[in-house]
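Please keep the sequence and the structure in view while reading.

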Amino acid sequence: MAATTTTTGAGDNNADLPPPPSSASDKTGFLKTCFNGVNALSGIGLLSIPYALSQGGWSSLAVFLAIAVICCYTGILLQRCMDASALVTTYPDIGALAFGRRGRLAVAAFMYLELYLVAVDFLILEGDNLHKLFPGAGFRLGGLRVGSKQGFVLAATLAVLPTTWFSSLGVLAYAAAGGALASVVLIAAVMWVAVFDGVGFHERGRLVHWAGMPSAVSLYSFCFSGHAVFPMIYNGMKDRKRFPTVLFICFVVSTLSYGFMGVIGYLMYGEALMSQVTLNLPPGKVSSKVAIYTTLVNPLTKYALVVTPIAEAVEAALGVRKSRLLCVLVRTALVVGTAVVALAVPFFADVVALTGALLSCTATMLLPSLCYLRVRAKLGYKKPWLETAACVVIAAVGTAIVVLGTYSSVKQIVQRLNFTSTVLDEGTTSVFGSWICIANGSGGFNGHLADTRKPEASAANRCSDLDEFVDNLDELLLPDLGEKIERMSIFDAT
């Protein structure tokens, strides 16, 4: 296997001997490793980076660059911890080497929960974007109505399932290359919209927005959260001595792509930016469709790379690594589980924002710094004051981001839940397509055609229109869209 997960911790007293080395055919070369690294760092963050910049203002770019440098350095700290013992092959092993069994459990809890929720977010992103392209794609299965979003989440699950059955990084690297290419196409499509489709770069933005800085910093931290996968990538290399070079290249490429997308998006739409830049693109344009379809490709190519560390840990714990069939069943169960969560939690994007602030920052800043300081002390390495100071500062910065970002995310989630739980007053009118829906005061709606002079629509069309309205309620009621809804005259209280 490309990455081997041992069932005993590096800090256990009766640890087994390290597993035999993987065959050379399963190891990845320099170029494939770079693709894996870039794919681990670049992805759906490209969509939200312009929004993050609009939240923090131009001055937040300095914070963005600082976070990129910190995360690159903490990636090297993880490598140093792995080089300290031949038994260390995974991120939880690093926690065990530093703090024993408790360290293993803490690191594993943060790492696997983060990866699992990111995988869930991929499926939700697929459902949301496909729903925007085909809003009327819902269907009925017997007496059960399946909305278009739910149907597309199920379709995305079936699409990514076979990619999780490969455990060799050499195979996954081809999918990673597709993900890296998708990022390039996405940036080019957005650039085309600005230059050739009449949007231009007319917005000036603002220098600093202190109220939105916590959100911006949390999103920046999430963009560079690939540390849970780094040990697997490191173990899968043919020449591990080149890992620092690979890490440097991956962070440079990712930082440039994120920064470029953030700048052009902010210049295009300024304070009007939505959470995903693709939602701002003009409808009907070929370039806009290319950008949206490319957005759909990125999670599909990255899903397996995110799920594989979780699968390998479960397989090792169950002792089924040697059974190909059982491994496939374990990975299938994990994928089905992510689909169930994606379907069950309607506002999961907000929860993932909280996860980015709480889990991603912990995995990328706090844990690498603390583990390295502990490992260095246990092994009696020399203690350069500059290195110690850097680790302490990184840990302090990470703690500040965790506290402020988590508070900001929780506050936003509570506001959204309070808003969406409010029943509209009786008589509140909503116009959707050719239909007028009037709130009945108990959470329901009564609907009729907007123009009664037109022929009565067929029952099938009425059902389709109302189904589409229900599918979009969660979007129409988001608090940060309130002002936009007013300006667009979607809601008219009577």
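Glu387 is found in helix 13 (residues 385–420). Helices here are DSSP runs of H or I with at least four residues, strands are runs of E with at least two, and both are numbered from the N terminus. The model is a predicted one, in which local features need pLDDT of at least 70 and side-chain atom pairs count only at pLDDT 80 or more, while totals for chains, interfaces and linings use all residues. Residue numbers start from 1 along each chain as its sequence is written, and side-chain values use heavy atoms, with hydrogens and water left out.

At 14% relative accessibility, Glu387 counts as buried. Buried means under 20% relative accessible area, exposed means over 50%, and partly exposed lies in between, computed with a 1.4 Å probe on protein chains only. The side chain of Glu387 is joined to that of Arg376 by a polar contact of 2.8 Å. A polar contact is a pair of N or O atoms within 3.5 Å; within protein, one must be able to donate a hydrogen and the other to accept it, and residues adjacent in sequence count only if both atoms are side-chain atoms. With neighbours within four places in sequence left aside, Glu387 is in contact (heavy atoms within 4.5 Å) with Tyr73, Arg80, Tyr372 and Arg376.

Arg376 belongs to helix 12 (residues 348–379) and is buried, with a relative accessibility of 4%. The side chain of Arg376 also makes a polar contact of 2.6 Å with the side chain of Thr388. Beyond four places in sequence, the contacts of Arg376 are Tyr381, Lys382, Lys383, Pro384, Glu387 and Thr388.

## The chain as a whole

The secondary structure of the protein chain comes to 15 helices and six strands. Of its 494 residues, 52% count as buried. Among contacts in the chain with a separation of 6 or more, 77% are between residues 24 or more positions apart.

Pro299 is found in helix 10 and is buried at a relative accessible area of 1%. Pro299 and Glu126 are 173 residues apart in sequence, yet their C-alpha atoms are 7.6 Å apart in space. Setting aside neighbours within four places, Pro299 is in contact with Ile44, Phe122, Leu125 and Glu126.

Ala159, in helix 5 (residues 148–160), is partly exposed at 43% relative accessibility. Asp239 is found in the loop between helix 8 (230–235) and helix 9 (243–269), and is partly exposed, with a relative accessible area of 36%. Asp239 and Thr28 are 211 residues apart in sequence and 8.7 Å apart by C-alpha.

## The largest cavity

The structure holds five cavities of 30 Å³ or more, and the largest has a volume of about 210 Å³. On a 1 Å grid over the protein atoms alone, a cavity is a set of points where a 1.4 Å probe fits but cannot get out, and lining residues have an atom within 4 Å of a point. Grid points are joined across faces, edges and corners, and a volume is the space filled by probe spheres set on the points.

The largest cavity is lined by 21 residues, of which Ala40, Val118, Phe222, Ser225 and Lys302 are the closest to its centre. By class, the lining has 13 nonpolar, six polar and two charged residues. Ala, Val, Leu, Ile, Met, Phe, Trp, Tyr, Cys and Pro count as nonpolar, Asp, Glu, Lys and Arg as charged, and the others, Gly among them, as polar.

## Helices around the cavity

Helix 1, helix 4 (91–133), helix 7 (213–223) and helix 10 (286–318) each supply at least two residues of this lining. Helix 4 gives the most, with four residues.

Helix 1 (residues 30–41) has twelve residues and spans 17 Å from first C-alpha to last, close to the expected 16 Å, which is 1.5 Å times one less than the number of residues. The buried residues of helix 1 include Val38, Asn39, Ala40 and Leu41. In helix 7, eight of the eleven residues are buried, so this helix is largely enclosed by the rest of the structure. Tyr220, Ser221, Phe222 and Cys223 are among those buried residues of helix 7.

Terms used. 1 Å grid on protein atoms, 1.4 Å probe; cavity = no way out; pocket = protein on both sides within 12 Å on 5 of 7 lines; lining within 4 Å.
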